[in-house]
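Thanks for coming. I have one structure to go through today, and I will keep it short.

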Amino acid sequence: MNNYFNEVFSSFVSFHLEFSPGHRVIDIFSSCFSFYLSSKCKDNNFKAHIQQLDNLVIESLSIFSHTLVITDTSIKNNIATSISHTYIHNKPIIKALYHAVNIMSTKAELFTIRYSINQATNFNDVLKIIIVTNFIHTAKKIFNLTSHSFQSYAASILNKLRSFFFHHQENVIEFWKCPSYSNWPLHKVVDKEMKSFNLIPLFSCKSSWDFSKKKECDNIANRWRMIFQASDLKGKHFLDLIDSNDNIIELLYIKDSSWLKFFGHFNSLCIRASRAIINHALINEYRLRFFPKEEFSCSCGLYPIETRCHILYECRWFNEY
Ligand SMILES: [Zn+2]
């Protein structure tokens, strides 16, 4: 029983440490981890990035203290599969394949990163761990200490990294982005191996919390879309917002929603934007609905009715602002 309490207590302490300002890995070892992204298009910067990856392999395989890990994750028929190939100087490649039903790809990728770090740190002489992944945004979640649903995974990885960085002052970890479309040879190998793995679950399976949440959010957003299309509940005044390519911004329930991220940070702005979207704002077009005998032209003097459309797209009084 004592062992049980010791275990719970030590995991609580490590979890607590990873989120206490001043004690966190990102505070104490801020120079020990780095990210190398690539540009999206196949321009010169992208070619240079791929060239750097090639150099990385040559360097990693010739230096005994470097460990190179190539990972990839995919989801097919609700089965998340993640894979890693770990290259350590003069040692056979360590291959790991992980699969789970009804979980998010983020969790599968974090599991594989965690496993790879554990593998690498088992060797005492490793000074540098290099992780090459298509999921660099997932790797960034490890060091993102704002609230998210993968914090327990992040905390356990950080805890492992804390011991690794503490062990030797030269110990570092690097995360390199390698997009699947780059067809970079080592990544292509893991990608191909992962896709060749076909699993058909034989029994009904449980769903993870975040998977269930995403499923429920998708259902809600689909219901909204159907209601908006099939009924007039949306109202004729509802303002469809468009993106930079003139496409209507779709409704989203998660990831701070598609619109809220632009104005949700400031209450008064959020209220004004919401009133503009539903056309329930103190402008003359709105007043006209209740007081048709009053003056309702725009104060710029150029438009007979101060409409929302005029204010947003034409009026010189407002568009300067
Ligand atoms: Zn005007």
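Cys 298 is buried, at 3% relative accessible area, where the cut-off for buried is under 20%. Bear in mind that this is a predicted model. Cys 315 is also buried, at 0% relative accessibility.

Both cysteines belong to the zinc site. Which protein atoms are the donors of the zinc ion? They are the SG atoms of Cys 298, Cys 300 and Cys 315, together with NE2 of His 310, and they lie 2.1 to 2.4 Å from the zinc ion. The site is tetrahedral, with angles of 103 to 113 degrees among the 4 donor atoms. Along the chain, the donors follow the spacing C-x1-C-x9-H-x4-C. Cys 298 sits in the loop between helix H11 (284-288) and helix H12 (308-313), and Cys 315 in the loop between H12 and helix H13 (316-319), so this pair ties together parts 17 residues apart in sequence.

In soluble globular proteins, nonpolar side chains tend to be buried together. The largest core here has 26 residues, and Phe 165, Ile 173 and Phe 175 have the most contacts inside it. At least two residues each come from helix H4 (105-121), strand E5 (128-133), helix H5 (136-141), helix H6 (151-167) and strand E6 (172-177). H6 gives the most, with 6 residues.

What does Phe 165 contact, leaving aside neighbours within four places in sequence? Its contacts are Val 25, Phe 29, Cys 32, Phe 33, Asn 171, Val 172 and Ile 173.

There is also a second, separate core of 17 residues, with Tyr 87, Val 132, Cys 178 and Val 190 among them.

Note on methods: Residues are numbered from 1 along each chain as its sequence is written. This is a predicted model: local features need pLDDT of at least 70, side-chain atom pairs count only at pLDDT 80 or more; totals for chains, interfaces and linings use all residues. Side-chain values use heavy atoms; hydrogens and water are left out. A nonpolar core is a set of buried Ala, Val, Leu, Ile, Met, Phe, Trp, Tyr and Cys residues joined through side-chain atoms within 4.5 Å. Buried means under 20% relative accessible area, exposed over 50%, partly exposed in between (1.4 Å probe, protein chains only). Helices (H or I, at least four residues) and strands (E, at least two) are DSSP runs, numbered from the N terminus. Contact means heavy atoms within 4.5 Å. Donors are N, O and S atoms within 2.8 Å of the metal (3.2 Å for Na, K and Ca); water is not among the atoms, so sites may look incomplete. Four donors count as tetrahedral if all angles lie between 85 and 135 degrees; four count as square planar and six as octahedral if opposite donors are over 155 degrees apart and all others between 65 and 115; anything else is irregular.
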